[in-house]
Every structure is written in C-alpha cells, then in structure tokens.
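I keep these entries as a record of what I looked up, one topic at a time, with the cut-offs noted where each term first comes up.

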Amino acid sequence: MARIAPSDFKKALAVGRPPNIQALFPNSNALLVSGKFIDLAMLAKGKSICMAANGRNTFVIRGALRAAQRANATLIIEIAKSEGGIDAYCPINYWNMARTVDALCNEMDISVPVAIHADHYGIKNQKDILTAKTEIPSMFDAGITSIAIDASHMPDADNLLASLELNPFVPEWAGLETEVGEIKGKEGLSTKEEALFLIQGLNAHGVFPNWIALNNGTTHGIEASDQGIQVELTAEIHEALTPYHVSGAQHGTSGNSSDRLRQIAQKTRTTKANVATALQMISWGVEVNDYGNAILDANGGFIKVKDQGMSEEMWTEMQAYAESKGWKGGNYKKLNLPFESRLLAQPKEIRERMADRVEQFVYNMLVNVLNAQDTAELAIDQILKTASHDPGPKAKRIEDPTEWTPAKIVERAKSIDADKGPKGNFED
C-alpha cells in the first residue's frame, strides 16, 4: 500500500485534530487524533490490532513512534491512572503526555495518526466519581483524545452507573473504552452476561464505547504463568456483543506469546492491545524473551544485557536505589520517576540505543504479530471521508432506556452470576 500522500496528510491535519489539540498545538504538524479513528482503521483493514504503547518513559514513546512511522501504522500512546495520575510513579502523566508526543512527532517528522489515551482511569467509590468530574475535563484540556473509564473494581451495577454518571464529562468526539472485570489472570474471568449487561446498559443511554476490556486470562506486569489470554472466551464474548459494534481492547499482553496475540487478532474483534511492562524493560536493556517478558536469574533478579539499553553504571545505580527502597520484581516500575532525568542525562549514543531497542521490538509486533502495518492511511481515509475530527459513533441505540433506569439496573445486576475473583491491587 502506498504511503500517505503529502496533500492528504495536510488535509487530515487541518480537519482531523480535535479542538483541544488544535488549541494546544496550533502550529503543530503532529496528527494527534481521536481514538475513534484508530479503531475504525483497524476495522477497515480487518484482523488488525493497534498497539497501545504505554509511555512510562520518554525512550518508550520515542521508539514506538519511530516504529509506527516505519510500519506506516496507527499508534496509541497511553498511560494508566496508577502510573500517570495525581499519584504517578512515572514521569509521563495524563497532563504532559500529549505535549511529549506532540514534541517528538514534530522533531522526528512523524506523519502517522496517533491517539493519546488515558488508560485505566480507575473508579473505585463515590469519592472517585466526584473527583473525576473535574479531573477528566482537566485531562482533556491537557490533550487527551481517548479515555478508558474503568469502574471494573466495583460490582456490575455500580460499574455501569458510574460509567453513565461520568460520560457527560467525556467529549463526544473522544475515543471511549469501558471495562468489565479487573485484569487478574485466571481468577475472576469475565463472562458473556457481565459484558452484555454493561454494553446494553450503556447503549440504552446513548453511550457507544469503541472498546471493551475483559479479564480474559492475562495479568499486568511480569507474566508469572503460562495461563495467558483465553482466546475462545474472548471470541465468545465479542460474538455476543456483535449488535452493539464494540471492539475489544486486550490488556496485559506483556508475557503472552506472539502466537497467542496472533490468535487474538485472527479470531476475535480486538483492535487495541496494550503493551506496557515489556517496553519499559526493553528500553532499560533488561534481557527479555521474544515476546517481551523479562528473563530472571536464579535469584529472581533481572538480567541486564551488556551494551544494550542504559549504561551499566546507571543500571548499577538503579539496582542500588531499588534495593534501598525494598523494591523487587514488578515494583521496579517505581524507578521510572526518580530515574527519568538521570537517564536523559546519559550520552546521546546511550539514549539512542534505549529508543532503538524499543523501536525494533515494536516494529516487529506491529508488522509480524498485530497485522497493523499500512493502517495509517486507512485512518487518514476515514478523516478525509468525514472531513471532521469526529467520525461519530459506530453503533446506534437499540435498547429501551426505560428498561435501564438506575433502579432496574440494580435489580438486573442481581441475576448475574459473576465470580470477581480475589481482592487485591490489579491496577496496571
């Protein structure tokens, strides 16, 4: 497929950027777009998944953008609330992510469409809902173009009611993701009944998500077992949701084999796949297997590959800092914030090899696993077709709102037989 024609890119740049992006970056040549266009591009190609690269540090974002440009693929850059909210442990957060991406796109002449996604915007109680009513608008003011309202930490009725209460604070043009079931591996797997309840209730009130995330067998962070993605369960749930035209969002991909991810692309309606821990580890120079899961030594520690990623001296310093804090394994993620400036202060050749390592991994996934190559112009085609920053919803209302009042939602939820699994911290 041909690369993006300069004239088409200029037209898309003029009409395809949402109002917040135009206001923030009036002279930019970065095509930051609604997540809706990303979803539509993957559907147009078919059996294609966009990588949602978790930008825990600048090197990950730089490398992922370069890979998407090489592959002529759309891309989502995202951060979760636990990583990039008000209590962030990463230097990239909800309020500076768009500025970082925009600056890097302009610096590197990136012409593929990119969405800026607030992932796992977690809601656990009424206090969170109240906070969200001011926090969500502040995030869109800062350049977010897509959001995941994640109230999966709560019972089914509360999840749906919270999602409905917060929807007015999400711009109509923005990409929208919803979630049923926390990502907690083989415990508390999502069911068809739970997913239908959430999507039907949203539909009744005129809310049409682009994506639904399920607990389909994965975990966040370092994959400790080979349980992995339950492909058939995912396909069954997606099939049940067919009338509502919602795509799948695959969370917890780090540690799942390439073959499993190819099956998700081929057998389900997934158009978005989050990759987080793998990209962090790869940028640092940690030894990983072919699908990005960290390889541990006999003592359960990470193995640094010589002359890859950060300098050996910096790795030694980082390990010492982690030891002083009692951080091991997955808690190494907390090193992102205190070490970003130190990593950026390394010699240029070190910084470049950190980003290069990410680029090679992401490019391989885009082209050889997710079938995302040459989706950039499909997104631009959608922008030019609509001549707007908003292509509108994929679905229409087919449920009766009188059957989905708050009282009836609570009553309906009582009939759902759902095992939510153990309590714990399953945020990212």
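How many aromatic pairs does a search of the whole structure find? Before the answer I note that the model is predicted, that local features need pLDDT of at least 70 and side-chain atom pairs count only at pLDDT 80 or more, while totals for chains, interfaces and linings use all residues. Residues are numbered from 1 along each chain as its sequence is written, and side-chain values use heavy atoms, with hydrogens and water left out.

**Entry: aromatic rings**

The search of the whole structure finds 8 aromatic pairs, where rings of Phe, Tyr and Trp (its six-membered ring) pair if their centres lie within 6.5 Å, and planes under 30 degrees apart count as stacked, over 60 as edge-to-face and the rest as tilted. I looked up Y94 and W95, whose ring centres are 5.8 Å apart and whose planes stand at 75 degrees, so this pair is edge-to-face. Ring pairs also bring Y121 into a cluster with Y94 and W95. For burial I used relative accessible area, with buried meaning under 20%, exposed over 50% and partly exposed in between (1.4 Å probe, protein chains only). Y94 is buried at 0% relative accessibility, whereas W95 is partly exposed at 27%.

I then looked for charges over rings, which requires NZ of Lys or CZ of Arg within 6 Å of the ring centre and within 35 degrees of the ring normal. The charged end of K272 sits over the ring of W211 at 5.9 Å from its centre, and the charged end of R412 sits over the ring of W404 at 4.1 Å from its centre.

**Entry: the barrel**

I took helices (H or I, at least four residues) and strands (E, at least two) as DSSP runs, numbered from the N terminus, and I counted two strands as paired if DSSP finds at least two bridges between them. In what order do the strands close into a barrel? I find 8 strands in the order β1-β2-β3-β4-β5-β6-β7-β8, with parallel pairing. The twist from one strand to the next averages 25 degrees; here axes are lines fitted to C-alpha atoms, for helices over the stretch in contact, and angles run from 0 to 180 degrees between N-to-C directions.

Strand β2 (residues 75–80) pairs with β3 (residues 114–122) in the parallel sense over 6 bridges, and A80 has D119 of β3 as its bridge partner. β4 and β5 also run parallel and are joined by 4 bridges, with T178 of β5 as the bridge partner of I149. In β5, 6 of its 6 residues are buried: G175, E177 and E179 point one way from the strand, and L176, T178 and V180 point the other way.

For packing I used contact, meaning heavy atoms within 4.5 Å. Helix α3 (residues 35–45) lies across several strands, including β1 (50–54) and β8 (270–275), and runs at about 120 degrees to β8. Helix α8 (residues 156–166) packs on the sheet, where it touches β4 and β5, and its direction makes about 165 degrees with that of β5.

G35 is found in α3 and is buried, with a relative accessible area of 0%. Leaving aside neighbours within four places in sequence, G35 is in contact with A115, T145, S146, G175 and W211. G35 and W211 are 176 residues apart in sequence and 9.8 Å apart in space, C-alpha to C-alpha.

Among the buried residues of α15 are I350, M354, F361 and L366.

**Entry: loops**

Is N210 buried or exposed? N210, in the loop between α9 (192–204) and β6, is buried with a relative accessible area of 4%. Not counting residues up to four places away in sequence, N210 touches residues including K36, D39, G175, S247 and K394.

N72 has a positive phi of about 55 degrees, lies in the loop between α4 (58–71) and β2, and is buried at 2% relative accessible area. D307 has a phi near 65 degrees, is found in the loop between α12 (277–284) and α13 (312–325), and is partly exposed at 48%.
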